[in-house]
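User: I've got a model open here and would like to talk it through with you. Could we start with the term we'll need for accessibility, and then go on to the details?

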Amino acid sequence: MIYTITLNPSIDYIVQIDQLNLGELNRMKQDYKLPGGKGINVSRVLSQLNVPSLATGFLGGFTGNFIKDWLQNEGIKTGFVTVKDDTRINIKLKHGEETEINGLGPAISENEINEFLKVMDKVTAGDIVILSGSVPPSLGNDFYNRIIQICKEKQAEFMIDTTGQELLDALPNRPILIKPNHHELAELFGVKLNSVEELIPYGKKCLKLGAQHVIVSMAGDGALLFTGENVYFADALKGELKNSVGAGDSMIAGFVGTFDKTKDPVKAFAAGVATGGATAFSTDLAQKELIDELLPQVKITKITGRN
């Protein structure tokens, strides 16, 4: 089983307007609501790839019910813990460029935490646990590490999509995948990285620190895969950019879902690139038809060995 963990889900309220005039009445051109949260995005895309998963984390109130109902309507298995506070709403305001206003998220009680840990107790050897997204402040700074230690005890694999010290702390525990973008990789090591050549030593460093596979996404400049002794480059797919939200989560779903079946990191990388592109070229997350259309267009080149 693949478990996706979203500790701080949201409803993404997407609002399109022609122009934003601060201090004045603005009228929407279009609006829609989607279930949000990085792990939830991964589960939704895995479903498009016909890969089953269990989406878990914390949901509360009418907003939490909206997300749970949506996922169940898509045939996604859920195991969320119900919390007292409402799940947050994040506003994605689109007016030429996108402006985001994210909610803080609910306060999680000790009893609610214990209920979640009971869900984690069901993890078994061979499962993959995907940790992604923000952590509600009430859970503390080490909550991801608590889950990672459970994975180690259960002999389950884990993937983590986070940044900064939290990511560095996870590396010695051998995550199956990390996926920083080029800006996050630079921030991770306190450097400036302006080219693929400059990125390569730091992607390799992530492997040396413990990651099993590393994908570095570079938006319109493509992506890099670091695995074993080799580094691979994937050209950016060509298409109209409609949606930046969830493209990275889709890449994770494509990689993990394919790697779980094939154990081939290069095939999994190609699937990740196609799946991320399919979301970028859509108004919502990737759909199977577009993923299948893009996959043959993915061009991967081996650019260097590790030494």
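Predicted model: local features only at pLDDT ≥ 70, side-chain atom pairs only at ≥ 80, totals over all residues.

User: What kind of pair do the rings of Phe 189 and Tyr 202 make?

Analyst: Their centres are 5.5 Å apart and the planes sit at 35 degrees. Planes under 30 degrees apart would be stacked, and over 60 edge-to-face.

User: Which helix holds both Phe 66 and Trp 70?

Analyst: These two are four residues apart, about one turn of the helix. Their ring centres lie 5.7 Å apart with planes at 50 degrees, so this pair is tilted. Phe 66 is partly exposed at 27% relative accessibility, and Trp 70 is partly exposed at 25%. The helix that holds both is H2 (residues 61-73).

User: Which residues does Gly 64 contact, leaving aside its neighbours within four places in sequence?

Analyst: Gly 64 is also found in helix H2. With a relative accessible area of 2%, Gly 64 is buried. Once the neighbours within four places are set aside, its contacts are Leu 59 and Thr 87.

User: Back to the rings: which residues form one aromatic cluster?

Analyst: The count of aromatic pairs comes to five. As for the cluster, its members are Phe 58, Phe 116 and Phe 143.

User: How much space lies in the largest cavity?

Analyst: There is one cavity of 30 Å³ or more in the structure. The space in the largest cavity is about 120 Å³.

User: Which residues lie closest to its centre?

Analyst: The lining of the largest cavity has 14 residues. They divide into five nonpolar, four polar and five charged. Closest to the centre are Asp 12, Leu 34, Asn 243, Val 245 and Asp 284.

User: Which element gives the largest share of that lining?

Analyst: Strand S2 (10-16), strand S3 (30-36) and helix H1 (38-48) each give two or more residues to the lining of the largest cavity. The largest share is three residues, and the element it comes from is S3.

User: Zooming out, how does the radius of gyration of the protein chain sit against the globule rule?

Analyst: The protein chain has 10 helices and 14 strands, and buried residues make up 51% of its 307 residues. For 307 residues the globule rule gives 19 Å, and the chain is close to that, so it is as compact as a globular protein of that length. The radius of gyration is 19 Å.

How values were computed. Residues numbered from 1 in each chain as written. Heavy atoms only, no water. 1 Å grid on protein atoms, 1.4 Å probe; cavity = no way out; pocket = protein on both sides within 12 Å on 5 of 7 lines; lining within 4 Å. Points joined across faces, edges and corners; volume = space filled by probe spheres on them. Nonpolar A, V, L, I, M, F, W, Y, C, P; charged D, E, K, R; others polar. Phe/Tyr/Trp six-rings, centres within 6.5 Å; stacked < 30°, edge-to-face > 60°. Buried < 20%, exposed > 50% of the residue type's maximum accessible area, 1.4 Å probe, protein only. Rg over C-alpha atoms; globule rule 2.2 N^0.38 Å. Contact = heavy atoms within 4.5 Å.
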